[in-house]
Amino acid sequence: MDDLGALLDPMKNPITYAVPFFLLSILVEVVALTVLDGHDDGEATPGPVRARGYERRDASTSLLMGVGSLVSTTVFKIGSFFVFTAIYAWAAPVHLPTDTWWYWVALVLALDLLFYANHRFVHRVNVGWAAHQAHHSSEYMNFTTALRQKWNPWFELLFWAPLPLLGFAPWTIYLAFAFNLIYQFG
């Protein structure tokens, strides 16, 4: 899987297999909030019963932003793959073996640390916040909100660039990042 075609193949992307679980989680949450959540205010709710914590337009916006993010992320992946491959091939002092257990542990930990640094940056620096604020634009906190992702991955290339420089193969970075995103959903 060290070529661009394999990287972009949806059947080799763990997120493809996570989508049904994302949708099932949303469905379970909606059912729990409509059926199991008692209305303790004592008043009859006019119109159709709706889930507390969900508003149709807001949830639709979150889902649409998630789909848009898949498109923009694919474009980002293509561009950054070439940059990361060049860094890995010409600047990395060592190429770590991808077939060891410690490689994957080190990669997941390094990626998570850099994700934390990136996330801190986008919350603290105005230009970063400009790219990130759409993710926080919902009035509701539910599973659809977790799918409300940005379409503009500004500066992320700079945050992930140390990984190929440290000897992590570019294709493994994207695989680890996919698992990181799945983990974040929950």
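This is a predicted model: local features need pLDDT of at least 70, side-chain atom pairs count only at pLDDT 80 or more; totals for chains, interfaces and linings use all residues.
Trainee: Let's start with charges. What makes E55 and R57 a salt bridge?

Mentor: Their side chains meet at 3.6 Å, N to O. The cut-off is within 4 Å, so the pair qualifies. A search of the whole structure finds three salt bridges.

Trainee: What makes R148 and D58 a salt bridge?

Mentor: The closest N and O atoms of R148 and D58 are 3.0 Å apart, and the limit is 4 Å, so this pair passes too. The pair also links distant parts of the chain: R148 is in the loop between α6 and α7, D58 is in helix α3, and they are 90 residues apart.

Trainee: On to the rings. Why is the Y103 and W104 pair called edge-to-face?

Mentor: The planes of Y103 and W104 stand at 75°, with 5.3 Å centre to centre. Y103 is buried, with a relative accessible area of 0%, whereas W104 is partly exposed at 25%.

Trainee: What makes the F121 and F159 pair tilted?

Mentor: The centres of F121 and F159 are 5.4 Å apart and the planes are at 50°. Stacked would need under 30 degrees and edge-to-face over 60, so 50° leaves tilted. F121 is in helix α4 and F159 in helix α7, 38 residues apart, so this pair links distant parts of the chain. F159 is buried, with a relative accessible area of 19%.

Trainee: How many aromatic pairs are there, and which residues form one cluster?

Mentor: The count comes to ten aromatic pairs. F81, F82, F84 and Y174 form one aromatic cluster.

Trainee: Now the largest pocket. Which residues lie nearest its centre?

Mentor: I15, S69, L70, Q149 and L181 do, out of 50 residues in the lining. The volume of the largest pocket is about 1300 Å³.

Trainee: Which helix gives the largest share of that lining, and what kinds of residue are in the lining?

Mentor: α3 gives the largest share, with 13 residues. The lining as a whole divides into 30 nonpolar, 15 polar and five charged residues.

Trainee: Last one: how do you know that the span of α9 is close to the expected one?

Mentor: α9 has 16 residues and reaches 23 Å from its first C-alpha to its last, against 22 Å expected at 1.5 Å a residue. The buried residues of α9 include W171, Y174, F177 and F185.

Definitions and conventions. Residues are numbered from 1 along each chain as its sequence is written. Side-chain values use heavy atoms; hydrogens and water are left out. On a 1 Å grid over the protein atoms alone, a cavity is a set of points where a 1.4 Å probe fits but cannot get out, and a pocket is an open set with protein on both sides within 12 Å along at least five of seven lines; lining residues have an atom within 4 Å of a point. Grid points are joined across faces, edges and corners, and a volume is the space filled by probe spheres set on the points. Helices (H or I, at least four residues) and strands (E, at least two) are DSSP runs, numbered from the N terminus. Ala, Val, Leu, Ile, Met, Phe, Trp, Tyr, Cys and Pro count as nonpolar, Asp, Glu, Lys and Arg as charged, and the others, Gly among them, as polar. The expected span of a helix is 1.5 Å times one less than its number of residues. Buried means under 20% relative accessible area, exposed over 50%, partly exposed in between (1.4 Å probe, protein chains only). Rings of Phe, Tyr and Trp (its six-membered ring) pair if their centres lie within 6.5 Å; planes under 30 degrees apart count as stacked, over 60 as edge-to-face and the rest as tilted.
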